[in-house]
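Good morning, everyone. Please have a look at the next slide, and then I'll walk you through some side-chain contacts.

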Amino acid sequence: MRGYRGIKYTLFIFCYFFWVVSAILTAVGIYAMVAKEKDVVDTLTVDPALLLVVVGSLMFLVTFLGCFGALRNATCLLKTFLAILAVVFLLQIAAGAVGYVFTDMVMKRTEKLMMKTIVHYREDRDLENAIDYIQKKFKCCGVDDYKDWSNNVYFECSENNPSLEACGVPFSCCRHQENQTVLNTMCGYGMQEEQEDSANKHIFTFGCLDKIIMWGKKNLLLVAGLTGGLLLLEVCMMILAGAQIAWIQKVQRRQRESDARSRDDRKERLWFPAFADFDDE
């Protein structure tokens with residue numbers, strides 16, 4: 001019985017943890033959607049805030065099935081939870097395999113998506129903040145190099161561009177100068193007109209796509225560890241759910257066998273053979 005309780009409450013704790021995480025994701029997504037300016041047009045294929053709400057809600061539902069099923073010993077809920085988790089696990093494995101086999105195609109799609117974010121920079125405040133964060137975090141500028149910013153209408157390097165930021169780059173591309181205490185938001189002005197060697201003194205000229213790939217290769221063990229840990233945790237949850245289902249079914253089968261024996265005993269007490277001899281000896 002102690003073994004069963006260990007399985008039951010371990011599964012419940014795992015599911016409860018992800019249940020809380022999913023609730024936080026959903027709340028953050030809803031807050032981002034409400035706080036976003038109404039006149040802003042979503043520039044990405046999928047709104048990140050909406051994606052958070054959808055993923056968080058689905059995760060909330062699945063983990064609720066695991067929590068409630070484990071706590072109430074409900075095999076139907078546990079089987080549903082196990083089936084959904086198995087499908088998610090297989091999809092993750094398939095996505096990883098496809099990404100590995102079709103690396104070039106994935107890279108081209110990623111580059112195209114990142115270029116699209118540059119084109120729509122300044123049209124979505126959330127997108128603008130995300131790009132600035134990435135460029136400052138990875139010390140990069142643009143997708144392939146700093147001149148990618150010419151694809152944006154504000155930074156387009158042409159004589160017909162009336163923008164004050166023409167031929168420039170965002171401030172997040174700028175190098176942080178020593179003893180600089182005040183942020184210079186105009187540090188990237190005119191940098192696209194400079195040669196790479198000259199511009200490299202003031203801004204980061206290396207593209208973000210290669211920088212992110214380099215970071216991933218440099219931290220391969222960390223990325224592999226996090227990915228493997230998540231997959232291992234999913235496998236553990238599936239094993240725990242399967243073990244609890246098997247244990248409950250075993251108890252139910254014993255109960256049915258016990259009930260059947262009890263009914264047979266009652267029949268033997270109430271019914272006797274037609275030619276039974278009840279004469280005293």
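Start with Arg122 and Glu165. Their side chains meet in a salt bridge, 2.7 Å from N to O. Keep in mind that this is a predicted model. Where do the two residues lie? Arg122 lies in the loop between helix 4 and helix 5, and Glu165 in the loop between helix 5 and helix 6. So the pair ties together parts that are 43 residues apart in sequence.

Side chains of opposite charge can pair when their charged atoms come close. Arg122 has another such contact. Its side chain also meets Glu128 in a salt bridge, here at 3.6 Å, N to O. Put together, Arg122, Glu128 and Glu165 are linked in a network of salt bridges. How many salt bridges does a search of the whole structure find? Two.

Now, buried or exposed? Glu165 counts as buried, because its relative accessibility is 13% and the cut-off for buried is under 20%. Glu128 is buried as well, at 9%. Arg122 counts as partly exposed, at 31%.

Next, aromatic rings. A search of the whole structure finds ten aromatic pairs. One of them is Tyr4 with Trp247. This pair is tilted: 5.5 Å centre to centre, with 55 degrees between the planes. It links distant parts of the chain. Tyr4 sits in helix 1, residues 2-35, and Trp247 in helix 8, residues 220-270. They are 243 residues apart. Tyr4 is buried, with a relative accessible area of 8%. Trp247 is partly exposed, at 32%.

Another pair is Phe138 and Trp215. Their ring centres are 6.2 Å apart and their planes stand at 85 degrees, so this pair is edge-to-face. Phe138 belongs to helix 5, residues 125-138, and Trp215 to helix 7, residues 208-218. That ties together parts 77 residues apart in sequence. Trp215 counts as partly exposed, at 40% relative accessibility.

There is also an aromatic cluster. Which residues form it? Phe12, Tyr16, Trp19 and Phe60.

Last stop, the surface. Asp144, Asp145, Glu196, Asp197 and Asp210 form a negative patch there. Take Asp197 from that group. It lies in helix 6, residues 196-199. Its relative accessibility is 67%, so Asp197 counts as exposed.

To recap: a salt-bridge network of Arg122, Glu128 and Glu165, ten aromatic pairs, and a negative surface patch that includes Asp197. Thank you.

Terms used: Residues numbered from 1 in each chain as written. Predicted model: local features only at pLDDT ≥ 70, side-chain atom pairs only at ≥ 80, totals over all residues. Heavy atoms only, no water. Patch = residues over 30% accessible without salt bridge, like charges linked within 9 Å, V, L, I, M, F, W, Y side chains within 5 Å. Areas by Shrake-Rupley, 256 points an atom, 1.4 Å probe, with all protein chains shown as cover. Salt bridge = Lys/Arg side-chain N within 4 Å of Asp/Glu carboxyl O. Lys, Arg positive; Asp, Glu negative; His and termini not counted. Charge placed at Lys NZ, Arg CZ, Asp CG, Glu CD. Helix = DSSP H or I, 4+ residues; strand = E, 2+ residues; numbered from the N terminus. Buried < 20%, exposed > 50% of the residue type's maximum accessible area, 1.4 Å probe, protein only. Phe/Tyr/Trp six-rings, centres within 6.5 Å; stacked < 30°, edge-to-face > 60°.
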